[in-house]
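Subject: Structure handover

Hello,

Here is the structure for your set. My notes on it follow below.

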Amino acid sequence: MRLSRRGLLRAGLAGTAATALGGLTSGCAVPTGSTGRNMVLWYWSGGLSDTVVKNAKARYDSTVDLQAIQIGGYYRSKLITTMAGRAHVPDIAGLKGEDMASYLPNADQFIDLRTLGAEKYKSRYLSWKWDQGIADDGTMVGFPIDCGPVAHYYMPAVFEKAGLPFEPEDVSRELDTWEKFLDAGVQLKKRLPGTYLLTDITSVFTMSVNQGTKNYVDKDRHFIGDQEHIRTAWDRAVDAKRRGIVSQLVSGTPDQLSATESGKLPSQLNASWATSDIKLGVPKTKGKWRVANCPGGPSNIGGSFLAITKACREPEKAFEVITWLLNAANQAQGFVDAGLFPSTPASYGMSKLQEPDPFFGGQVTMDVFGPAAQKIPITYNSPYDIALGQPIKDEIKNVGVLGKDPDNAWSDAMSKCRRIAKHLGVSY
């Protein structure tokens, strides 16, 4: 059954891009795309380096009129709706990492990058990241932009005052497990009352899940969000709440930023792209931060892809543009400009990424992020992970922010998951 355009939009807004794109069957006419010199690239603010995009326009000006358009708002919904309308479809489309799995079941709506010679580039990219852009049938939909290795951002002066390790190497070594990390939070609060290790407990849950090899739905379309790997992450986050080492503040709010600036929130677990967020959010803390390894092992958040839609009339040229945009040198520039951590290991040793960062006390942060990025566990990402993970994430947030009873929250999450699984045809 084909979805109407209105039905497709509803499906996209509901987070089931797999269903939505399924309305564009292989029997549909090729959507109207570029002709002649025109080539359109869609992405979002911060999704690519502005410098690199500008340089790409200049580099290919003699053969391509590259129109790079930043799309605001709910990007995925707009892309899905545009593809359904089969008009004004971009030739090259950014695909956000958290949405990638939902595009893969409809790989036939994109050019298989293998047919354009993608395999010869594979060794230049992180293997786990490369594999995330490939559908179950082997079709390569997405070419890697960036990734988001997680680190422990902290203020050494506050840690030293609390009697905790404060040099990056010592923090990485002595707070290498979750238990040691949570214990440090207890000591921090005891020595410096009113000071909290973390803003909220959701970061503990998220990082813990992402350190494993399983999410919420397996390859057999079976719900596994009730299994040990999720429950362990849940219990760890609840433990952080029970110990009283997380604040009552909401990330990104003026109160949270003020507490961070004053040293009352001297620590956070976040991805590499958070370097830009911290610099922009609390600029007065320049020089007061350092970066150490994430407790419990490498974890990843985010990281996106570029794809070529079936609307593209010149896929070979589009692929040439993509591979240039995302080569090692340009990915290094992307990190400098926008905190987009390279998916190309060759970038890590480049001089511009080995510069001491004054904001982080002259530390070369690549020495932490680089090794972490290369050790991210390989995880199967299902098109249904977003829908079936959200109730659990919502309920752990209710525990942290609203003080909801953890057992009741877990029960409510599982009830919601059962209903959603039944609706999506996922076995429970």
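With 428 residues, a compact globule would have a radius of gyration near 22 Å, and the protein chain agrees, at 22 Å. That radius is taken over C-alpha atoms, and the globule rule is 2.2 Å times the number of residues to the power 0.38. Along the principal axes, the C-alpha atoms fill a box of roughly 65 × 50 × 35 Å.

Some ground rules. This is a predicted model: local features need pLDDT of at least 70, side-chain atom pairs count only at pLDDT 80 or more, and totals for chains, interfaces and linings use all residues. Residues are numbered from 1 along each chain as its sequence is written, and side-chain values use heavy atoms, with hydrogens and water left out.

Fold and burial. The chain has 18 helices and ten strands (DSSP runs numbered from the N terminus: helices are H or I, at least four residues; strands are E, at least two). Buried residues make up 54% of the 428. Buried means under 20% relative accessible area, exposed over 50%, partly exposed in between (1.4 Å probe, protein chains only).

Helix H4 (residues 75-85) is largely enclosed by the rest of the structure, because eight of its eleven residues are buried. Among them are Tyr75, Arg76 and Met83. Just after H4, arginine 86 takes a positive phi of about 60 degrees.

Salt bridges. There are 15 (a side-chain nitrogen of Lys or Arg within 4 Å of a carboxyl oxygen of Asp or Glu).

- Lysine 416 and glutamate 395 pair at 2.7 Å, N to O. Lysine 416 lies in helix H18 (residues 406-424) and glutamate 395 in helix H17 (residues 385-402), so the pair ties together parts 21 residues apart in sequence. Glutamate 395 is buried, at 2% relative accessibility. Lysine 416 is partly exposed, at 29%.
- Lysine 404 meets aspartate 412 at 2.7 Å, N to O. Lysine 404 is partly exposed, at 25%. Aspartate 412 is partly exposed too, at 31%.
- Lysine 180 meets aspartate 176 at 3.1 Å, N to O.
- Glu179, Asp183, Asp239, Arg242 and Arg243 are linked in a network.

Surface charge. Glu160, Glu167, Glu169 and Asp367 form a negative surface patch. Patch residues have over 30% relative accessible area and no salt bridge; like charges are joined within 9 Å, nonpolar side chains (Val, Leu, Ile, Met, Phe, Trp, Tyr) within 5 Å. Glutamate 160 sits in helix H7 (residues 156-161). At 46% relative accessibility, glutamate 160 counts as partly exposed.

Best regards

Note on methods:
Accessible areas come from the Shrake-Rupley method with a 1.4 Å probe; for residues, only the protein chains shown count as cover. Lys and Arg count as positive and Asp and Glu as negative; His and the chain ends are not counted. The place of a charge is taken as NZ of Lys, CZ of Arg, CG of Asp or CD of Glu.
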